[in-house]
Amino acid sequence: MEILGSTFDDSVFSEARDRVSVSLSSYDAKLCEPEWFCGSAALDTDDTLEKQKVYKFRGDLAVRQGKYQIALDAYSSCLEWIADNNLTIRRDVLEGMARCCTKLGQRDKALDLADLLSKEASNTCHMMSLLLLKVSIYQHFGAIGSKTSSLQHLCSLLPFNPWHWYNLGQTCLQLLDSDRATGPCSPQRCESAGEQEDRDTAEQQEDATELDEDRIWLKACMCFIRTRLLLRILRQQQSSFVLQRSESVLQMTEEALQRLNPKEATMQALTEVMSDDLIPEKMREDYQDGESLASVCVQSFRERWWNKILLTGVFETDGCQHQTDIKS
């Protein structure tokens, strides 16, 4: 998609250069038995790269089989054999360890590994993977406030990705349902704002404490409106199952907005704010996928959208306190 950075370089369409045919030497491919890396003989080598691959493959297989402790042990062993300059495999293994710790209920260790990945992140792809990892950790342990904060950071980092906006809207609906079921200080919400306090940044703590029902309702509305705007842009250039998925999510987005039931004036005000940066030229300028973090300027969720939403004054005329017909 052109506005999201998927244009072709002109060199792709240039005339092909004359190529000289070079005869290749014969090559005998290495033949491996299924799960060859599981046998003890696989480690009978002095090649550090070979040992790294053996432990990595063992960990990946154990994860696929749901044997998370075995996978964690294999990944830990693999880490010892990874070369200092092999950052890609190192990040992959650390993320695998964090996900295993999550499945094993080792929350603090999982977050410690996520913090380590955060310190080593050098581009937007690293940061996106880290934030998705944090979302899965917080989701697993019911820390909905912290999950919301991570999703907001994702939306700030990749503002034109409708799926992150949709997930944030669904999380806000989850918070609203939790509020109605257990009251304004459910264990999940108190945990998010309290127990996470030592780990989260000042901005994340502020987001986690902003959990009153009207603000959650308004945030859900703005997220689904943004999702709808982005999907309508994207589907013009989609086809096949990709288009079908977009149409399906668009329908669920419409249903969520009907459930939230904002007034027409509120819809117009939110649409105006959330569509302000959806201009092709600006979208190309702000597209930052894969760029170095040193060269990226990311506005916070609060600065880019939330403060502008609050300035519209919709709280005075709309919100959960004015909605008596919202159905769970």
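Mentor: Happy to. A search of the whole structure finds seven aromatic pairs, where a pair means rings of Phe, Tyr or Trp (its six-membered ring) with centres within 6.5 Å; planes under 30 degrees apart count as stacked, over 60 as edge-to-face and the rest as tilted. One of them joins Trp36 and Phe37 edge-to-face, with 5.7 Å from centre to centre and 80 degrees between the planes. Trp36 counts as partly exposed because its relative accessibility is 27%, whereas Phe37, at 11%, is buried. For these words, buried means under 20% relative accessible area, exposed over 50%, and partly exposed in between, with a 1.4 Å probe and protein chains only. Another pair is made by Tyr166 and Phe224: the ring centres are 5.9 Å apart and the planes stand at 70 degrees, so this pair is edge-to-face. Tyr166 lies in helix 7 (residues 162-182) and Phe224 in helix 10, so the pair ties together parts that are 58 residues apart in sequence. Both Tyr166 and Phe224 are buried. Going back to Trp36 and Phe37, these two form one aromatic cluster with Phe57.

Before we go on, a word about what you are looking at. This is a predicted model, in which local features need pLDDT of at least 70 and side-chain atom pairs count only at pLDDT 80 or more, while totals for chains, interfaces and linings use all residues. Residues are numbered from 1 along each chain as its sequence is written, and side-chain values use heavy atoms, with hydrogens and water left out.

The charged end of Arg245 sits over the ring of Trp163, 3.8 Å from its centre, and Lys219 lies over the face of Trp306, at 4.8 Å from the ring centre. A charge sits over a ring here if NZ of Lys or CZ of Arg is within 6 Å of the ring centre and within 35 degrees of the ring normal.

Leaving aside neighbours within four places in sequence, Leu257 is in contact with Cys221, Phe224, Ile225, Arg228, Pro262 and Met267; contact means heavy atoms within 4.5 Å. Leu257 counts as buried because its relative accessibility is 5%. From Leu257 to Cys221 there are 36 residues in sequence, and 6.6 Å in space from C-alpha to C-alpha.

The chain has 14 helices and zero strands; helices (H or I, at least four residues) and strands (E, at least two) are DSSP runs, numbered from the N terminus. Of the 328 residues in the chain, 43% are buried. Among contacts with a separation of 6 or more, 70% are between residues 24 or more positions apart.

Helix 6 (residues 144-157) is worth a visit too. Of its 14 residues, 13 are buried, so this helix is mostly covered. Ser150, found in helix 6, counts as buried at 1% relative accessibility. Beyond its neighbours within four places in sequence, Ser150 is in contact with Leu131, Lys134, Val135 and Tyr138. Ile144 is also found in helix 6 and counts as buried at 7% relative accessibility. Ile144 and Thr171 are 27 residues apart in sequence, with 7.3 Å between their C-alpha atoms.

Last, look at Leu72 in helix 2 (residues 68-79). Leu72 is buried, with a relative accessible area of 3%. Not counting residues up to four places away in sequence, Leu72 touches Met97, Cys100, Cys101, Leu104, Gln106 and Lys109. The C-alpha atoms of Leu72 and Val93 are separated by 9.4 Å, and the two residues are 21 apart along the chain.
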